[in-house]
Amino acid sequence: MSSHDVVIVGAAPAGSLAALVLARAGHRVALLDRAAFPRTKVCGNCVNPVAWDIWQQLGLTESYEALPHHEVTGFTVNCEGRFVFEQTFHSRRRAPRAIAREVLDDWLCREAQAAGAEFFPETTVTGVDPNRGTVQTSRGEFTGKLIFGADGRNSLVARQSGLMPPPRRCHRVAWQTSIPAPADLDNQVHMHLFEEGYFGYCRYSPTHAVISMVLDSRRTQDPFLLARRIFPRFMEQDWLRMNPITRAPARNGTGRVWLIGDAARVVEPFTGEGISFALSTGHLAAQAAIKALARSDIASAFKSYDRSHRRLYRRKVWVNAFVRWGLTTPSYTVRILRVMERAPAIVSFLSHRVHAT
Ligand SMILES: Cc1cc2nc3c(=O)[nH]c(=O)nc-3n(C[C@H](O)[C@H](O)[C@H](O)COP(=O)(O)OP(=O)(O)OC[C@H]3O[C@@H](n4cnc5c(N)ncnc54)[C@H](O)[C@@H]3O)c2cc1C
């Protein structure tokens, strides 16, 4: 049995950031992940500029700037192959960046280890007891004064702690693949909307581009068919798959278990905010946990985390919720696009809100 102050399940942005902050404060942190790092995952690879503030607060800006990346200058929206509108991002200085997830997640996990967190890769969590603070894994049992569930949208920690809402069928499925970037691919994210779903396409390195797609499985289960409509010479290749796309938020914690990142709440991928929410909630939870451990008062520190979590989403998530509503209500999608096409000020305002800290 291995004993720590905080056991964190999931070493992606939420878990690694929390591990880094807690380890820097002198706490014993176990960071567990079922994957061997570096590893890729389903994502559009775009990091929202909100992250710049977090890197700055933690002295990570220089290290982040050195990662291989591609600067994103704006986005286009296309419907059934027809260009509808484009938007250039406001700030060039703190622009969003496209970075491969195998690079971003591996980097942050290494920063957490450099701060003193113990990383246990290829360690699958199979059980959690929120009252005793124990975690069963493929490597044996871990105990913590606190356990953070940072294990993503299908969080086992949330399910086993009774925090996940009852499952509702989600017919939308995510797909992702990486392709050699054509020489004429610019610095924008290209969003393509179809009856069956949508995909985003952007360069994330000098040589490669990512296609991340959301499909309604009742209409089609084949991402290749949709990619082919826009890229007629697109070749058959491997795709990563993931679902659900969205689900009701979980409760943020119970007993010794707190949830962060996608484990707590999932947003619509279209606006590219999931990573920054994961980082922000990992940061908030770690700050509250430092107080909890100093005062041996988990209950009131949890209340403070829970409040700040709700405040963060209340302030930020409404654009994302509006976009999801527009995308999943086909009778409105075309009408909303028409309004956006004629009123670029609305697009500019919404895009600014998504990137505001
Ligand atoms: C199609 C699509 C496109 C997207 N594009 C973007 C984008 O461009 N920009 C953006 O900001 N967001 C995007 N997102 C959202 C983003 O990917 C997530 O919000 C983000 O990865 C959440 O980070 P996290 O740290 O909460 O968890 P995750 O990144 O989901 O990581 C969870 C970790 O937990 C580990 N884990 C899971 N279960 C266990 C277990 N039982 N035991 C041990 N370890 C476990 C996993 O191996 C993984 O490393 C997209 C999502 C989708 C579906």
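In this predicted model, begin with strand β3 and strand β7 (residues 97-98), which pair in the antiparallel sense over 2 bridges. To find the pairing on your screen, look for Cys46: its bridge partner in β7 is Ala98. Strands like these pair through backbone hydrogen bonds, either parallel or antiparallel. A further strand joins in, giving an open sheet of 3 strands in the order β3-β7-β4, with antiparallel pairing. Which strands stand at the edges? They are β3 (46-47) and β4 (70-71); each has a single partner strand, so one side of each is left without a neighbour in the sheet.

The phi of Asn45 is near 70°, a positive value in a residue other than glycine. Pro38 is also in the loop between β2 (29-32) and β3, and the peptide bond that joins Phe37 to Pro38 is cis, with omega at about -5°. These details are worth a second look because most residues other than glycine have a negative phi, and most peptide bonds are trans. Another cis peptide bond runs from Asn243 to Pro244, with omega near 5°. You can find Pro244 in the loop between β16 (240-242) and β17 (253-254).

Let us move on to another pair of strands. Strand β5 (residues 74-79) and strand β6 (residues 82-88) run antiparallel and are joined by 6 bridges. Together β5 and β6 form a hairpin with 2 residues between them, and Glu80 in the turn has a positive phi of about 50°.

Glu80 has something else to show you. Its side chain meets that of Arg229 in a salt bridge, at 3.5 Å from N to O. This pair links distant parts of the chain: Glu80 sits in the loop between β5 and β6, while Arg229 belongs to helix α6 (residues 223-230), 149 residues apart. Side chains of opposite charge can pair in this way when their charged atoms come close. How many salt bridges does a search of the whole structure find? The search finds 17 salt bridges.

With those local features in mind, we can look at the overall layout. The domain assignment divides the chain into domain 1 (2-69 + 99-168 + 247-321) and domain 2 (172-245 + 322-355). Taken over C-alpha atoms, the centres of domain 1 and domain 2 are 27 Å apart. To their contact, domain 1 brings 27 residues and domain 2 brings 29 residues.

What is buried where the domains meet? The area buried between domain 1 and domain 2 is about 2500 Å², and carbon and sulfur atoms give 62% of that area. On the side of domain 1, Val42, Glu268 and Phe270 lose the most area to domain 2, together 28% of what that side buries.

Glu268 turns up again when we look at charges. Between domain 1 and domain 2 the count is 1 salt bridge. Arg172 forms a salt bridge with Glu268, and the closest N and O atoms of the two are 2.7 Å apart. Across the interface of domain 1 and domain 2 there are also 20 residue pairs in polar contact.

Finally, consider which residues make up the side of domain 1 that touches domain 2. Helix α9 (residues 318-328) gives the largest share of this side, 4 residues. Sorted by type, the residues of this side divide into 14 nonpolar, 8 polar and 5 charged.

Terms used. Residues are numbered from 1 along each chain as its sequence is written. This is a predicted model: local features need pLDDT of at least 70, side-chain atom pairs count only at pLDDT 80 or more; totals for chains, interfaces and linings use all residues. Side-chain values use heavy atoms; hydrogens and water are left out. Two strands pair if DSSP finds at least two bridges between them. Domain bounds come from an automatic or database domain assignment. Contact means heavy atoms within 4.5 Å. Buried area is the accessible area (1.4 Å probe) that two parts lose on being put together, summed over both. A salt bridge is a side-chain nitrogen of Lys or Arg within 4 Å of a carboxyl oxygen of Asp or Glu. A polar contact is a pair of N or O atoms within 3.5 Å; within protein, one must be able to donate a hydrogen and the other to accept it, and residues adjacent in sequence count only if both atoms are side-chain atoms. Ala, Val, Leu, Ile, Met, Phe, Trp, Tyr, Cys and Pro count as nonpolar, Asp, Glu, Lys and Arg as charged, and the others, Gly among them, as polar.
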